[in-house]
Amino acid sequence: MRFDVLTLFPGLFSGYLEQSLLKKAIDAGLVDVRLWNFRDWATDRHKSVDDTPYGGGPGMLLRCEPIYDCVSAVQAEGEAPGQLIMLTPQGRRFDQTLVEELSQQQRLVLMCGRYEGFDDRISQGLRPLEVSMGDFICNGGEVPAMLMIDALIRLIPGVLGDEASARHDSFSCSGRLEYPQYTRPRVYEGMEVPEVLLSGNHQAIAAWREEQSLMRTKERRQDLLNNTVEPTS
Ligand SMILES: C[S@@+](CC[C@H](N)C(=O)[O-])C[C@H]1O[C@@H](n2cnc3c(N)ncnc32)[C@H](O)[C@@H]1O
């Protein structure tokens, strides 16, 4: 899967791209992340990409010209233009359903805003899919873009050591929260691992996990139970 990230701060991605699962996936050729700086499409000698809002008000807005030019050059580069995405707090809420939908795409082009955001004619004309990480405001679209990449690469076959782990995660498959999990030691500060998990009885363990997942979801996220589907395995 290819990600093209359009940003004013490509340097923010360096640590993220060079470690852990994402680095392994890039080295294995499963994921390709390319960084582009909007400023490279600015035409004036100050390389400016922003301007003050009409009507007044605080802050600066990203201007149409460099953003349109950048998007069009990046989308023309490669076999297919890919799905254009604008990171914005005003977009569709990013959740596991959207992660699964987007994981079907071969290429995503992610536009990261800064300052007060984008001139509205950028979404009017380019018609990106507008995606929000939640009802809060970040300083820029870079961390939201990393979040998208992080969630999406988990669904690319070969990226996780064990494909089953993504199926059992919260929100996946059953749509519920995952059951509680434990590792050694068997007793820690008086807290014991539930007996059934030590029994070796796979049927009993599966039934316990199913029950715990349901209980936990009822207690913490009743809203998820309205969308629940039965797990496949
Ligand atoms: C300070 S925000 C601008 C917020 C904008 N003035 C508004 O109220 O809708 C700057 C940029 O950060 C990114 N951003 C901030 N919060 C976000 C969120 N919850 N989800 C996705 N992107 C976000 C967007 O790319 C946005 O253009």
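Strands S1 and S6 pair in the parallel sense over 5 bridges. Two strands are said to pair if DSSP finds at least two bridges between them. Helices (H or I, at least four residues) and strands (E, at least two) are DSSP runs, numbered from the N terminus. The structure is a predicted model, in which local features need a pLDDT of at least 70 and side-chain atom pairs count only at pLDDT 80 or more, whereas totals for chains, interfaces and linings use all residues. Residues are numbered from 1 along each chain as its sequence is written.

Leu 6 has Met 111 in S6 as its bridge partner, and Phe 3 has Leu 108 in S6. Met 111 is also the bridge partner of Met 86. Strands S5 and S6 are joined in the parallel sense as well, over 4 bridges. Arg 2 stands opposite Asp 32 in S2.

These pairings belong to an open sheet of 5 strands with parallel pairing, in the order S2-S1-S6-S5-S7. S2 and strand S7 (129–132) stand at the edges with a single partner strand each, so one side of each has no neighbour in the sheet. On average, neighbouring strands of this sheet are turned by 30 degrees against each other, direction ignored. As a general principle, strands of a sheet pair through backbone hydrogen bonds, either parallel or antiparallel.

How far is S1 enclosed by the rest of the structure? Because 5 of the 6 residues of S1 are buried, this strand is largely enclosed. A residue is buried if 20 or more other C-beta atoms, placed from the backbone, lie within 10 Å of its own; it is exposed if there are 12 or fewer, and partly exposed in between. S6 is mostly covered, with 4 of its 5 residues buried. Helix H6 (residues 142–153) lies across S1, S2, S5 and strand S6 (107–111), and runs at about 175 degrees to S1. For such angles, axes are lines fitted to C-alpha atoms, for helices over the stretch in contact, and the angles run from 0 to 180 degrees between N-to-C directions.

The view may now widen to the chain. Its secondary structure comes to 9 helices and 9 strands, and its C-alpha atoms fill a box of roughly 70 × 40 × 35 Å, taken along the principal axes. Of the 233 residues, 23% count as buried. Among contacts between residues at least 6 apart in sequence, 75% join residues at least 24 apart; two residues are in contact if their C-beta atoms, placed from the backbone, lie within 7 Å. The domain assignment gives domain 1 (2–153) and domain 2 (167–225), with bounds that come from an automatic or database assignment. The C-alpha centres of domain 1 and domain 2 lie 37 Å apart.

Several details of the loops remain. The loop between strand S2 (32–37) and strand S3 (50–51) holds Ser 48, and Lys 47 is found in the loop between S2 and S3. Lys 47 has a positive phi of about 55 degrees although it is not a glycine. With 13 C-beta neighbours inside 10 Å, Lys 47 counts as partly exposed; Ser 48 is partly exposed, with 13 other C-beta atoms within 10 Å. The C-alpha atoms of Ser 48 and Pro 66, 18 residues apart along the chain, are separated by 8.7 Å.

The loop between helix H7 (164–168) and strand S8 (187–188) contains Pro 185, and Cys 173 lies in the loop between H7 and S8. Cys 173 has a positive phi of about 60 degrees although it is not a glycine, and 16 C-beta neighbours inside 10 Å make it partly exposed. The peptide bond from Arg 184 to Pro 185 is cis, with omega near 5 degrees.
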